[in-house]
Amino acid sequence: MTKSVIMFGAGCVGRGFLGQLLTESGYALTFVEIDDPLIEALNARRAYTLRLVDNDWSQDIVIPVTRTLYSQADAPLLTALVETSLVTTAVGVRSLPDIAPIIAAGIVRRAERNIAAPLNVLICENMQDASATFRAMVIQHVPITHHAYADAHVGFVDVVIGRTIPKPTPAMRAADCSLIVADAYKKLPVNRPRFVGPLPEIVGLIPTDNFTAYIERKLYLHNCGHAVLGYLGYLRGHRLSVEALADPVINGVLTRAFGEVRAGFLGVYGMDAAELDEYIAELLKGFANRALADTVVRLARDPLRKLGPQDRLVGAARLAEKAGVTPEALSLVIAAAYRFDAADDPLAVELQRRIAVEGLAAVMADVSGIRPNELLGELVQRQYTILKAN
């Protein structure tokens with residue numbers, strides 16, 4: 001097997017994060033894409049520019065690309081899948097069913113040729129149980145006669161993506177559709193037991209046997225922090241996340257919310273306090289990065305999903321409660337999310353319609369699984385009343 005990687009998706013995560021780590025690790029990079037202008041640009045240049053930015057500096061890195069193939073099960077792509085040892089997906093959850101048959105066809109070819117070397121598929125998507133879910137999508141396209149081969153030789157590996165990579169603007173694409181801008185975060189936690197064979201040597205790789213804790217760390221700190229900035233920033237009239245972060249009131253709530261979540265991770269998972277503090281410090285530095293500032297409305301969009309029982313706010317509050325901590329700050333942010341009424345977000349409009357018809361207590365119980373007479377329910381209702389009066 002050659003030291004190569006087949007990367008499905010040359011979007012934000014593919015170009016903005018994985019491409020850098022894997023080429024720095026000595027992998028020859030083949031992208032698989034459906035974006036015709038992007039395919040043409042990458043093949044013409046055989047490289048793209050990754051711009052790492054912070055408040056005080058920026059750095060352009062030229063990332064070499066061996067080739068970029070169109071996403072279809074044709075001879076060049078299937079041959080590449082036979083010859084590689086590593087595949088990544090960063091296409092978005094909705095597109096996974098489209099690439100599953102292609103990867104399955106590659107597995108079949110490897111089985112027919114009795115390729116003994118392992119193939120590991122890193123699933124860099126924002127979904128729970130990514131490895132099991134995508135494996136099921138792929139295996140349904142593999143004949144049962146090759147299932148034993150797939151079990152023994154193909155690993156489906158969960159990954160946490162922590163780098164901030166905004167979607168390129170139309171102006172950026174017009175100037176250079178292959179340019180991507182990101183922060184400099186460079187750590188890649190992976191679910192160690194899901195690998196088949198030796199671990200690949202990848203810059204920034206953090207293999208862990210406690211992967212659930214890393215998934216929840218991102219959700220209940222990174223995503224939760226964005227929710228704090230989004231919902232409180234919206235209520236306090238800010239446009240950008242960095243403006244919300246600079247607001248002393250919001251910053252104070254964010255600090256207290258992170259403290260509640262931190263206590264949850266220490267008490268429930270026994271995570272290393274110093275490592276957790278380092279992660280929080282890196283998050284706060286990233287949140288303050290003006291070059292990558294997001295709008296508070298985008299961070300707050302889709303409140304019906306973000307208020308789910310295991311999602312970034314309620315799940316974080318439940319984690320704190322498991323550690324014996326009262327989620328005072330988190331209950332304020334949950335209440336603020338129930339006040340989010342941006343007219344251009346259909347799900348926010350639907351949330352407000354339901355509250356007007358059913359009442360907060362009933363909607364909170366249905367959407368968030370929070371009973372109105374439990375402590376968290378009482379806290380949220382009290383904070384909601386205070387926010388509504390201001």
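The legends below describe close-up views of a predicted model. Local features need pLDDT of at least 70, side-chain atom pairs count only at pLDDT 80 or more, and totals for chains, interfaces and linings use all residues. Residues are numbered from 1 along each chain as its sequence is written, and side-chain values use heavy atoms, with hydrogens and water left out.

**View 1. Crossing of helices α10 and α15.** Helix α10 spans residues 248–269 and helix α15 residues 328–338; helices (H or I, at least four residues) and strands (E, at least two) are DSSP runs, numbered from the N terminus. Their axes come within 7 Å and cross at roughly 120°. Axes are lines fitted to C-alpha atoms, for helices over the stretch in contact, and angles run from 0 to 180 degrees between N-to-C directions. The pair is therefore oblique (under 35 degrees is roughly parallel, over 145 roughly antiparallel, 65 to 115 roughly perpendicular, the rest oblique). The crossing is left-handed, that is, the near helix is turned anticlockwise from the far one by less than a right angle. On α10 the contact (heavy atoms within 4.5 Å) involves Val253, Arg256, Ala257, Glu260 and Val261, and on α15 Glu328, Ala329, Leu330, Leu332 and Val333.

**View 2. Buried side of helix α17.** In α17 (residues 360–368), Leu360, Val363, Met364, Val367 and Ser368 are buried (under 20% relative accessible area; exposed is over 50%, partly exposed in between; 1.4 Å probe, protein chains only). These residues lie on the same side of α17 because they cover an arc of only 100° around the axis, taken from the directions from the helix axis to the C-beta atoms. They pack against α13 (303–306), α14 (314–322), α15, α16 (346–358) and α18 (375–389).

View 3. Asn114 is exposed, its relative accessible area being 62%.

**View 4. Asn210 and Tyr269.** Asn210 is in the loop between β11 (205–208) and α8 (211–235). Its relative accessibility of 35% makes Asn210 partly exposed. The C-alpha atoms of Asn210 and Tyr269 are 8.9 Å apart, with the two residues 59 residues apart along the chain.
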